[in-house]
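Please open the structure in a viewer and keep the selection tool at hand. The stops below say what to select and what to look for there.

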Number of protein chains: 2
Amino acid sequence: MATKTDIARRVYNHTWKLDPIVRSLLDTDFYKLLMLQMIWGVYPKVDATFQLINRATRFRLAEEIDIEELRDQLDHARTLRFKKKEMIWLAGNSFYGRKQIFAPEFLEWLKDFQLPEYELTKKDGQFELTFPGPWMYTSMWEIPALAIINELRSRAAMRSLGPFSLDVLYARAKAKLWDKVERLKQLPDLRISDFGTRRRHSFLWHRWCVEALKEGLGNAFTGSSNVLLAMDNDLEAVGTNAHELPMVLAALADSEKELRWAPYQVLKDWEKYYGGNLLIVLPDAFGTAAFLRDAPDWVADWTGFRPDSAPAIEGGERIIKWWEEKGRDPRDKLLIFSDGLDVDTIVSAYHHFRGRVRMAFGWGTNLTNDFEGCAPREIDNLNAISLVCKVVEADGRPAVKLSDNPLKATGERSEIERYLRIFGTEGQTEIGLKV
Amino acid sequence: MATKTDIARRVYNHTWKLDPIVRSLLDTDFYKLLMLQMIWGVYPKVDATFQLINRATRFRLAEEIDIEELRDQLDHARTLRFKKKEMIWLAGNSFYGRKQIFAPEFLEWLKDFQLPEYELTKKDGQFELTFPGPWMYTSMWEIPALAIINELRSRAAMRSLGPFSLDVLYARAKAKLWDKVERLKQLPDLRISDFGTRRRHSFLWHRWCVEALKEGLGNAFTGSSNVLLAMDNDLEAVGTNAHELPMVLAALADSEKELRWAPYQVLKDWEKYYGGNLLIVLPDAFGTAAFLRDAPDWVADWTGFRPDSAPAIEGGERIIKWWEEKGRDPRDKLLIFSDGLDVDTIVSAYHHFRGRVRMAFGWGTNLTNDFEGCAPREIDNLNAISLVCKVVEADGRPAVKLSDNPLKATGERSEIERYLRIFGTEGQTEIGLKV
């Protein structure tokens, strides 16, 4: 029996209308589910509009990607429901060492969850893609929308490559990733996880990357933020919370006092649902300096911080100093680094902080979408770009993110300026955004 | 339709007894067929024994490879006959621009060709593998025997690797080869062909390498010595003649005079069958210096030389000087380099000789079996070794090869010394053998 073509498969392929990018509602980040339970429990009546934001405007997305293809993929994602085996896994699995992290009532509601409608138009070579509606529905669009757009970009970029060039492309990408794995392997007691869903090159490549880390790093690979890949590979599903929580709460604030309190109100809400290693502070929504300056003492009781927009070493040092001022021993605390990491930054932060604080790395875009130098000829559109899906409005009021890096700020200009007056500009540093 | 396992295929795979390495008698080097026609025509009564010679005795082949597996593969090769479509292609294709290079009577005989019996035992961790019988049969064992042993070595070396490690291994090997291709692409008017059958890692890998050169080098890739791959990929089948011709004729010589004449008698015989670019002298069987010193003037009329055991630049310069002494313009002549080439040596010879002589490169082991640094952990047995299959006896008399590199000499010690007395030791230089 020589190599034979499977006739039925070939004929079926001829009938393909769509190769779906997102095939499961679990193909999302774990923190979305954690946040969703809290939103569902505490803010079920709040509306929040999410919107695609392309920070790299020189890439004209609507010229790279066919709008109908995008619509087909988004529509396909809207047909998905949680499968029975997925619901059983969510109910029966332990997360962060805790059983039944999801309440039965929440799961009962989740069972019928469907991604809500979206609005999509083209303008000036860009997509205007918004997700208006109840927060507890729209929030779930962030990850699949980004994964879909990024994979459609990859597909478009590779359309001109023949089978051989594609073979070389993936061979090189595999070799490149494995070289990174071998460097990371050298770091004893490293704790690193996959945070690469949103900006991944493609689902299949993401899966390969996760399998590579599992195979190559063993216990140092502490999990995946992607719930589906975590389930399928018997890995820990990891992640905690995101900027949308303080952003929405800040937008809803009726007074300056409430606005200042919003970042801490998030923590109060969170504590009702989660504990232990899930008590991770994301301090930079309106500037880390302001957050630390105004934080009540009990914030220092939380397990750790995830500095997400300052350089790892600078951001980590600032938090360690704060813990020490609050009389806490940083060696009992956890820093999670997750902003624009690659092997060099991981290695240097690892050596810098080793022994002084517990640390973990959430490796994203440079794990799941690093094809630089892999194509037989340079294809600019194959490089990941800085694309996000952010909450822009809550109950009709504009939402804002400042971050520690002004280039990562989102929101209306006048609102950003109001927030800057209230929270201050201390510690704001522009850092060029690669992704 | 998700990924489905082909049940019939899986069940068939369970019944596998053998994954044959050599599946076609065309899976051999083209020069074997050219030589075979001449041997069949001129020396049909001569017996010649070929023997496997492992120059890298630190590798204990019989401990790496199971003797029964080897026997199964050799036996399978003996079941092969030229297929009808193969015979039609040999008869109908043009080789080196000439139609009907193979005479109808020769093809008529070839139709029933079968590899002859072999003798295989183990001794001191090595195989004693010999092919006794009529030259026009035993000669054809050289390439399949080497390809089989080298692929069995690869299979054994990779047995400990899981599917993921194998994936990384081949990804790295592909990336590595493609980097070589990209370097070679920089050389205008390069002419390079695949000479890598005998020492290839495996047939499938060989095929990938040939496809890579075709895709990446275009017209600079001038063909493959492998007849099957040439046929399947619409490439030129390339190659001329080998040391076995002068070695057998020398062994048959009844006098010192006849012995001295043997290397030129080969050329006389060859000219009866072939012309043009097939008139390539292989000068080093008993030392290039002796060959050039004693060569009749008409040898300078031949199209080119293939220096095969001296460093490319040194060997090429010697021949260019000789052409000039004979009043020939080297720019009309062709040098074919084929000894232990890799990109570095190709690039340096290319730049050294460019504009002074026509040149072509026959790229062998480092094309089809370079896995250094590709395995997730170093596997010594995955590196190619210096394994040859040489004629050791003709009509009961010992055969000898001196070469320009004493480490490549084969034959009985006393005979080597007799040859050295007759041909001299001028120009003999030891060069460590990698492959």
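This is a predicted model: local features need pLDDT of at least 70, side-chain atom pairs count only at pLDDT 80 or more; totals for chains, interfaces and linings use all residues.

Residues are numbered from 1 along each chain as its sequence is written, chains are lettered from A and ligands numbered from 1 in the order in which they are written, and side-chain values use heavy atoms, with hydrogens and water left out.

**Stop 1: the domains of chain A**

Colour residues 21-160 + 387-423 of chain A as domain 1 and residues 163-369 as domain 2. These bounds come from an automatic or database domain assignment. The C-alpha centres of domain 1 and domain 2 of chain A are 18 Å apart. Across the boundary, 63 residues of domain 1 of chain A are in contact with 59 residues of domain 2 of chain A (contact means heavy atoms within 4.5 Å). How much area is buried between domain 1 and domain 2 of chain A? The value is about 5200 Å², and carbon and sulfur atoms give 60% of it. Buried area here is the accessible area (1.4 Å probe) that two parts lose on being put together, summed over both. On the domain 1 side, select Y96(A), D404(A) and F423(A), which lose the most area to domain 2 of chain A and together make up 15% of what that side buries.

**Stop 2: R200(A)**

Next, select R200(A), in the loop between strand 4 (192-194) and helix 10 (203-217) of chain A. Helices (H or I, at least four residues) and strands (E, at least two) are DSSP runs, numbered from the N terminus. Is R200(A) buried or exposed? It counts as buried because its relative accessibility is 0%. The scale is this: buried means under 20% relative accessible area, exposed over 50%, and partly exposed in between (1.4 Å probe, protein chains only).

Show the side chains around R200(A). Its side chain makes a polar contact with the side chain of D27(A) at 2.7 Å, and another with the side chain of H206(A) at 3.3 Å. A polar contact is a pair of N or O atoms within 3.5 Å; within protein, one must be able to donate a hydrogen and the other to accept it, and residues adjacent in sequence count only if both atoms are side-chain atoms. Leaving aside neighbours within four places in sequence, the residues in contact with R200(A) include I21(A), N150(A), E151(A), N226(A) and T368(A).

**Stop 3: aromatic rings**

Over all chains, the structure holds 68 aromatic pairs. Rings of Phe, Tyr and Trp (its six-membered ring) pair if their centres lie within 6.5 Å; planes under 30 degrees apart count as stacked, over 60 as edge-to-face and the rest as tilted. Select Y118(A) and W141(A): their ring centres are 6.1 Å apart and their planes are at 80°, so this pair is edge-to-face. Y118(A) is in the loop between helix 6 (104-110) and strand 2 (119-123) of chain A, and W141(A), 23 residues apart from it, is in the loop between helix 7 (135-138) and helix 8 (142-158). Both Y118(A) and W141(A) are buried.

In chain B, Y118(B) and W141(B) also form an edge-to-face pair, 6.1 Å centre to centre with 80° between the planes. Y118(B) counts as buried at 14% relative accessibility, and W141(B) counts as buried at 0%.

Back in chain A, one aromatic cluster includes F30(A), W40(A), F82(A), W89(A) and Y137(A).

**Stop 4: charges over rings**

Select R153(A) with F59(A): the charged end of R153(A) sits over the ring, 5.0 Å from its centre. In chain B, the charged end of K268(B) sits over the ring of W298(B), 4.1 Å from the ring centre. A charge sits over a ring if NZ of Lys or CZ of Arg is within 6 Å of the ring centre and within 35 degrees of the ring normal.

**Stop 5: T303(B)**

Finish at T303(B), in the loop between helix 14 (288-294) and strand 7 (304-305) of chain B. T303(B) is buried, with a relative accessible area of 14%. Which backbone oxygen does the side chain of T303(B) reach? It is that of G276(B), at 2.6 Å.
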